[in-house]
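Hello,

Here is the structure for you to look over. My notes follow below it.

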2 protein chains.
Amino acid sequence: MSDAPNGPLPVARDTGDLRRAVAAWRAAGLRVGLVPTMGALHAGHLSLVTLALARADRVVASLFVNPTQFGPAEDFAAYPRAEAEDAAKLAAVGCHLLYAPDAATMYPAGFATTVTVEGVSRGLCGDHRPGHFEGVATVVTKLLLRVLPDVAVFGEKDYQQLQVIRRLVADLDLPVTVVGGPTVREVDGLALSSRNAYLTAEERTIAPALYRVMTECGDALQQGLAAGPVLEAGIRRLVAAGFAEVEYLALRDAETLAPLDARPADRPARLLAAARVGRTRLIDNLPVPAVAGSG
Amino acid sequence: MSDAPNGPLPVARDTGDLRRAVAAWRAAGLRVGLVPTMGALHAGHLSLVTLALARADRVVASLFVNPTQFGPAEDFAAYPRAEAEDAAKLAAVGCHLLYAPDAATMYPAGFATTVTVEGVSRGLCGDHRPGHFEGVATVVTKLLLRVLPDVAVFGEKDYQQLQVIRRLVADLDLPVTVVGGPTVREVDGLALSSRNAYLTAEERTIAPALYRVMTECGDALQQGLAAGPVLEAGIRRLVAAGFAEVEYLALRDAETLAPLDARPADRPARLLAAARVGRTRLIDNLPVPAVAGSG
């Protein structure tokens, strides 16, 4: 292990180094948290580290831009990379170790195993990014098994991903508690995302309409209105605001992600969207709580 | 947990009980071994427990007849079940705990995750039992994660299964050492198998031809002869001996299971077969070592 260029944060690139560090903490009776990331860290990621620190004595952040979760036409090569800055930000919020393996360490020659989660992986981003959630499920399983943390924290910003991870952790009996961290937003409501860096100045003025329109739709759905007309009107408003394409704007069961015709009285629901402004794909999601007594 | 009906072996049916027992051993600094089985235990299974005891201080045997690794036309319902006898046999060889969950514990409502291993899962039994190795890979991942043993022992009798498990353990970074146990045979060479109980008296006289013909083929292949004619002659001899169908008789790379035209000089090879006598499907396999200096 070595110190990060811009800070005192130790960096492990080798799985042996990682496991020795975690084993030393375990031997001292300390609880361990993990925050998996693809780097290009913003305040949303850092809030996940803070959440992990509230639940564990030592926190590992991983940085791995996972090639298997990008489609062939997606932005793997262009995805922002800034490890030195990331390490400094992590150190500043109290993270204890950065685990930053390279692709050959993660997927050695002969690698042949895939973790597939049916149900929650299908529809929404699963339809628009074939293979994406298999890539996510497989790399998250590997990261969880390399670190074997007590708790792992993932952002609610990637809500479908979070539900996929909750499902695979339960199904494979991974001995870890999964915690979802609330989405952090700009003052105009835009959800923080590493991909926001792709936006031109003009696109940046359009982008907050996603959250604004979703909030309006969520308010209407919370009144119990039928989802179809509410969401069709929402899509029209997004296009009118300047979005090039709305991949989906959908009301789903908050756990199973099964489609809903209206907000149910007895189960939590979630509004989810993906839309392109220029060439940049933005996603967001909101809870649509049942109104007590309205059901 | 409760004692087994016919012996002093503790039985855990609940994952919590299992994990508490293993955690207590870990806290005492003991090494833990796991021997996954589908029950109907014979001397082959018990030899795996003995192997595990040589490598661990405490050994868990699991008993779970896994429905997801049986095809719709296969023998799941008829598969022999004899838990009380199994528990007594395990106790007699020094096993410390039997983990015998039911199907609802293994696959609760909503279960949706599958572990798939490409490469070694394809061909051979993978062609004749679609979905079989996905079922095996998924349940073995779950058992390994429920027990988190230091070492897990699997029989070489199910050689392709063993290679699938070696691959998934490496690929998913499961923190366990996989050990293969040699096949145990009857005096006439028939590999021990729980399915041998299906054989009629007449079929039982035919069954040993599988090992005999494979040994002859292995000797010929070890001389460097081309695999095609040797294996075709072997299939004819199996049919002449009374086998109803030979699903495959194949020479493969011992690790990747890639097809081979002849035994290579520089890598270990394996001869594998599956054949039906009456309605019973038998499998077997043998190493075909390179002869030193024979090139």
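Start with Ala275(A): Leu282(A) of strand E11(A) stands opposite this residue. The two strands involved are E10 (residues 269–277) and E11 of chain A, which run antiparallel and are joined by nine bridges. Strands count as paired if DSSP finds at least two bridges between them. Strands (E, at least two residues) and helices (H or I, at least four) are DSSP runs, numbered from the N terminus.

E10(A) and E11(A) form a hairpin with two residues between the strands. There, Gly278(A) has a positive phi near 60°.

E11 (residues 280–288) of chain A is largely enclosed by the rest of the structure, because seven of its nine residues are buried. Buried means that 20 or more other C-beta atoms, placed from the backbone, lie within 10 Å of the residue's own.

A word on the model. It is predicted: local features need pLDDT of at least 70, side-chain atom pairs count only at pLDDT 80 or more, and totals for chains, interfaces and linings use all residues. Residues are numbered from 1 along each chain as its sequence is written, while chains are lettered from A and ligands numbered from 1 in the order in which they are written.

Now the interface. On chain B, 22 residues are in contact with 21 residues of chain A; contact means C-beta atoms, placed from the backbone, within 7 Å. Strand E6 (113–117), helix H6 (132–147) and helix H7 (159–171) of chain B each give two or more residues to that side. E6(B) provides the largest share, five residues.

E6 (residues 113–117) of chain A pairs with E6(B) in the antiparallel sense, over five bridges. Within E6(B), Thr116(B) stands opposite Thr114(A).

Best wishes

Conventions: Contact = placed C-beta atoms within 7 Å. Buried ≥ 20, exposed ≤ 12 C-beta atoms within 10 Å, placed from the backbone.
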